[in-house]
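Me: Could you take a close look at one part of this model with me? I would like a connected walk through one site and the helices around it.

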Amino acid sequence: TTINQKKEGIGNRNSPTQLVIPNIKNVRDLPPICLDVRQKQRISIDTLPQEQKAPVPPEPSLPIRTKTVKDFQDDVEKAKSSGDWKAVHDFYSTTFDSFLEINAAFKKDTSSPFNTIEDSGINAKFVNVVYDALLNTPQDVQKSVLKGIINVLCQHLQLIYNPQFSNTSTYVIYAHLLRQIAALTEADHHFLVHWSKKISQKRFKQLVDRLLQFISLRLFPAKPEEFPPMVKCTWWIPSATKVLALFNASNSLISPPIISYTDFYNSTLDHIDLMEEYHNWQCYGNSHRFSFCQYPFIISIAAKKVIIQRDSEQQMISIARQSLVDKVSRRQKPDMNMLFLNVKVRRTHLVSDSLDELARKRADLKKKLKVTFVGEAGLDMGGLTKEWFLLLIRQIFHPDYGMFTYHKDSHCHWFSSFKCDNYSEFRLVGALMGLAVYNSITLDIRFPPCCYKKLLSPPIVPCDHNTLVGICDVTLDDLFQIMPELAHGLSELLSYEGNVEEDFYSTFQVFQEEFGVIKSYNLKPNGDKIPVTNQNRKEYVQLYVDFLLNKSIYKQFAAFYYGFHSVCASYALLLLRPEEVEILVCGSPELDMSALQRSTQYEGYQKTDLTIRYFWDVVLGFSLDLQKKLLHFATGSDRVPVGGMADLNFKISKSDTSTNWLPVAHTCFNQLCLPPYKNKKELKQKLIIGISNAEGFGLE
């Protein structure tokens, strides 16, 4: 197929508005190809209609090609058995000789131009078979293909599928192909994004991996002599990244996505100067100066954490320095405590004291946190801070406290919709989450993914205080993650084949219980008088979901939002997906106990001691549920920090007590105290009892 072959179009690539047809309904939004920090150069491909006629000039008549997939496969089999590759060689050299020949070979209907995002008009099966066979052909055949590609470079998208581009010797050709695809008009990008949705998962992943490999090897070439000097090909990496952005946009259109968002991570970027990238992005936005931060989908969560931590440290240092300068300028004696956020609390008044301290010291929230428990001797080297977080979170999220409702079906907490006069405690929880991210503490909090989506709506606190915050588009899928039983009922309402109005007898009015009193709320004006029918039931469900997840808890969540952003106000948040914020706050649910074994430190034991060998034999044989219980028992959370198990600093200490005793954990220090049990059976029995009955014993 053709992609806007007008030569004048090539010279006018920044004028996609010529192709926009007015008054077209059902416009389908596309996710942004890259993140625009300051709303400069807003990408307009999301405004293009789903079905759009592209002005394609008359094409020259195509050669007639009658070879089918079966014919080609037969030729390949004959060549393998006879050793005569002439027929295969002729096919490849002819097909890749010109743009017209490529069209003739692979278009389903050579007489019709493309005009829809739903079908590229390409015989994808034939393309895949031809490329799959290519790497098993003789070298002269492969060279003829590369020679042909040079001749018709970038006149056909299908060239990007060529598996030869996995070889570094073809990277110069590949780079020019990527450059031309990246430079296509936004209208053409619109078509490419939608066509890419049709690619199989396997081939889609291969294309993404090939692009990531290209970027990695250009950054850190194994053999630098294979490539031109970097100064002569500075456009290689930006071109590849922009093409990768097209595939990322395509992946985001599918639910569930074709591949995981983590498959777009390039771990090679963990080893470049990330702060230089970040500062370039802050200074130049999405201008002509390239930065990987313009395309945050390619930056791993580990790299983003480094950026956020260093940005946090710089803000901490800046605020601490200013405090010191102010003190000196007033000729007052400097106090080292002024460099920290010092929180002093009583255990008996933990929540109220913490609330008062954070409210009084809002100007110090970005300083390094240090916690003191009144009446207790102890220097906070990290343990007291973690204990403060653990105790405070447990108390605030306790059902009796009434701030959050725990949903057993989904194993998560959600905001209580009860109205009150003061929402400052919700602000405290938000500030706690922000402090945890700032101070690299993993919290044992169970919020649904929707919460983190709302937390980034918007990612930067608006200057206008009248602007709504924490409001995002929510769907029935979001409700399923919190209240699955209610969501299932609403789903059945949508699929009900009978008369909804007569059988359900519902209106656009919903009811909620608050402190034993049933209160009613209209989902729209005069909702109590509007019946739910087969025609308006979709609107009813959407309004009900929006009421539950946005409107009914607006004041609670707004306070929570402002609390979080009072600590984490940073442009670095623009780099994050909601899923990544959750991982930063709560850690990753992916456990690797073998990695924990490799990084564990020992006190009183050697890793070769019999008790330790028994311990790891037992733990590695545990079910996932028991492994999570062990982690929760020892660290206070069953999740893993962003940096992996090594970041836990897990320690096993020898306990000089009777082997009749159960293991003991110091959660503030991620430490497990293990008696020297005599055999594996006894160790397993005592360990399971200990980790399965830890709730309610308090903290060591």
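Is Cys668 buried or exposed, and why does it count that way?

Reply: Happy to. Keep in mind throughout that this is a predicted model. Cys668 counts as buried because its relative accessibility is 10%, and the cut-off for buried is under 20%. This cysteine is also the residue that an unreviewed UniProt entry annotates as "active site"; that label comes from the record, and such annotations may be inferred rather than shown by experiment.

As for its place in the fold, Cys668 sits in the loop that links β9 (664-666) to β10 (671-674). If its neighbours within four places in sequence are set aside, Cys668 touches Gly383, Lys386 and Glu387. Those contacts lead us to helix α14, which spans residues 383-396.

Let's follow α14 to its partner. Helix α15 covers residues 424-438, and its axis comes within 12 Å of the α14 axis, with a crossing angle of roughly 150 degrees. The two helices are therefore roughly antiparallel, since angles over 145 degrees fall in that class. The crossing of α14 past α15 is left-handed. On the α14 side, the contact uses Trp388, Phe389, Leu392, Ile393 and Ile396, while α15 supplies Leu428, Val429, Leu432, Leu435 and Ala436. Sorted by class, this contact has 10 nonpolar residues, with no polar and no charged ones.

Next comes α13 (residues 350-360), whose buried residues are Leu350, Val351, Asp353, Ser354, Leu355, Glu357 and Leu358. These buried residues of α13 pack against α14 and α15, and also against the strands β1 (340-345) and β2 (368-373).

The pairing of α13 with α15 has its own geometry. Their axes come within 10 Å and cross at roughly 75 degrees, so α13 is roughly perpendicular to α15. Here Val351, Ser354, Leu355 and Leu358 of α13 meet Ser424, Glu425, Leu428, Ala431 and Leu435 of α15. By class, this contact has six nonpolar, two polar and one charged residues.

For another helix pair, turn to α24 (residues 610-621) and α26 (residues 680-692), whose axes come within 9 Å and cross at roughly 60 degrees. That angle makes α24 oblique to α26, and the crossing is right-handed. From α24, the residues Thr611, Tyr614, Phe615, Asp617, Val618 and Val619 meet Lys680, Leu683, Lys684 and Leu687 of α26. The class count for this contact is six nonpolar, one polar and three charged residues.

To come back to where you started: Cys668 is a buried residue in the loop between β9 and β10, and it is in contact with Gly383, Lys386 and Glu387. From there, α14 runs roughly antiparallel to α15, and both helices are packed against by the buried residues of α13.

Key. Residues numbered from 1 in each chain as written. Predicted model: local features only at pLDDT ≥ 70, side-chain atom pairs only at ≥ 80, totals over all residues. Heavy atoms only, no water. Helix = DSSP H or I, 4+ residues; strand = E, 2+ residues; numbered from the N terminus. Buried < 20%, exposed > 50% of the residue type's maximum accessible area, 1.4 Å probe, protein only. Contact = heavy atoms within 4.5 Å. Axes fitted to C-alpha atoms, helices over the stretch in contact; angles between N-to-C directions. Parallel < 35°, antiparallel > 145°, perpendicular 65-115°, else oblique. Left-handed = near helix turned anticlockwise from the far one by under 90°. Nonpolar A, V, L, I, M, F, W, Y, C, P; charged D, E, K, R; others polar.
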